[in-house]
Amino acid sequence: MIVIGTYQHYDSFIIYDPKTKKTTSLKDDFRGLIINTDSVKYDRECMVDFEDTTDKSSSYDGERFVDSKYNPRILTFTIFLTKESDGDLTFLKQRLGKKYLQMFQWEDDWETDEKYLMVKLNKGFESVTYYGKESEYQGEITLSFIAPYPYWRFKNEKQIIFNNLKPKDIKNIRSRGNVDTEPIIKITPSTTKVKLRWNDLDVELKDLTIGKEYTMDCVSQEFYCYDDKGIKVNCIKKYVSNSFYDYPQILIDINNSFTITEGSISSIKINPNSQII
């Protein structure tokens with residue numbers, strides 16, 4: 001049978017299916033909880049593993065550091081189930097056993113209830129049943145999720161909007177996350193040529209159509225707009241930066257700043273795309 005310690009730390013999660021638009025709660029739909037059974041400590045996954053790339057050469061000692069990447073994030077935890085949960089295991093497999101990524105959120109998160117991961121089950125699971133009436137929790141399963149993209153994102157991050165900007169108007173932006181990120185920036189120009197400085201990066205946008213919205217997608221490194229029929233049009237020839245085709249970044253620990261140095265814009269909308277590792 002399950003013996004619960006004197007100190008109990010309860011956790012639950014919710015899963016949102018982007019295809020069916022349905023939200024599933026561990027505690028509400030399955031009557032299960034992740035419960036701490038240790039009386040002196042509580043563990044939760046915090047930092048993902050690194051994978052470093054190095055280069056060996058006979059011309060120097062040791063190895064030369066090349067790059068470092070984060071591995072996928074793995075979430076593994078044991079869930080305790082009440083005796084009423086037995087009939088819900090089929091439903092549990094139906095909701096969690098998808099072959100595509102779903103949105104994972106901790107319920108009652110003490111940091112923020114907005115952050116989420118895109119996950120799927122990493123492997124199958126078995127159900128264990130305990131007999132006896134000493135505890136309301138009479139079964140357990142161990143679940144393991146994998147998030148191929150290891151960063152937590154913010155579910156309801158607001159766009160940052162500035163209107164009617166002219167030269168020497170300086171605006172500051174801060175990231176909500178703890179890693180540098182690539183924003184998505186939508187600009188509606190009021191002149192055919194716009195120059196702007198984002199931190200130390202100079203960007204020139206030329207041959208623009210006044211009043212048309214252009215998107216600077218710094219994640220995929222694209223610059224595009226849509227025609228009157230809603231068809232995406234590549235506008236990369238209108239984009240020039242002082243480092244060829246480099247795009248703006250939002251850096252952590254500083255007040256990121258940008259200013260118009262030539263021309264003017266009627267609107268700029270910035271999705272910071274903040275992330276937490």
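This is a predicted model: local features need pLDDT of at least 70, side-chain atom pairs count only at pLDDT 80 or more; totals for chains, interfaces and linings use all residues.
Q: How many helices and strands does the protein chain have?
A: Helices (H or I, at least four residues) and strands (E, at least two) are DSSP runs, numbered from the N terminus. Here the protein chain has 2 helices and 24 strands.

Q: What percentage of the residues is buried?
A: Buried means under 20% relative accessible area, exposed over 50%, and partly exposed in between (1.4 Å probe, protein chains only). In this protein chain of 277 residues, 40% are buried. Accessible areas come from the Shrake-Rupley method with a 1.4 Å probe; for residues, only the protein chains shown count as cover. The chain exposes about 16,000 Å², and carbon and sulfur atoms supply 47% of that area.

Q: What share of the contacts joins residues 24 or more positions apart?
A: Contact means heavy atoms within 4.5 Å. Take the contacts with a separation of 6 or more: residues 24 or more positions apart account for 70% of them.

Q: Which residues touch the most other members of the largest nonpolar core?
A: In soluble globular proteins, nonpolar side chains tend to be buried together. A nonpolar core is a set of buried Ala, Val, Leu, Ile, Met, Phe, Trp, Tyr and Cys residues joined through side-chain atoms within 4.5 Å. The largest has 26 residues, and M216, F223 and I268 touch the most other members. Strands that each supply at least two residues of this core include β13 (160-165), β18 (214-217), β19 (222-226) and β23 (265-271). Apart from it lies another core, of 24 residues, among them I79, L117, A147 and I276.

Q: Which residues does I268 contact beyond its sequence neighbours?
A: Leave aside neighbours within four places in sequence. I268 is then in contact with I160, I161, F162, L165, I185, K186, I187 and F258.

Q: Is T215 buried or exposed?
A: T215 is buried, with a relative accessible area of 3%. Its place is in strand β18. Not counting residues up to four places away in sequence, T215 touches I184, I185, K186, E222, F223 and Y224.

Q: How many aromatic pairs does the structure hold?
A: A pair of aromatic rings is described by the distance of the centres and the angle of the planes. Rings of Phe, Tyr and Trp (its six-membered ring) pair if their centres lie within 6.5 Å; planes under 30 degrees apart count as stacked, over 60 as edge-to-face and the rest as tilted. The structure holds 18 such pairs.

Q: Why is the pair of Y70 and Y151 edge-to-face?
A: The ring centres of Y70 and Y151 are 5.8 Å apart and the planes are at 85 degrees, so the pair is edge-to-face. Y70 lies in strand β6 (residues 63-70) and Y151 in the loop between β11 (137-147) and β12 (152-154), so the pair ties together parts 81 residues apart in sequence. Y70 is partly exposed at 26% relative accessibility, whereas Y151 is buried at 18%.

Q: Is the pair of Y239 and Y247 stacked or edge-to-face?
A: Y239 and Y247 are stacked, at 4.5 Å centre to centre with 10 degrees between the planes. Both residues are buried.

Key:
Residues are numbered from 1 along each chain as its sequence is written. Side-chain values use heavy atoms; hydrogens and water are left out.
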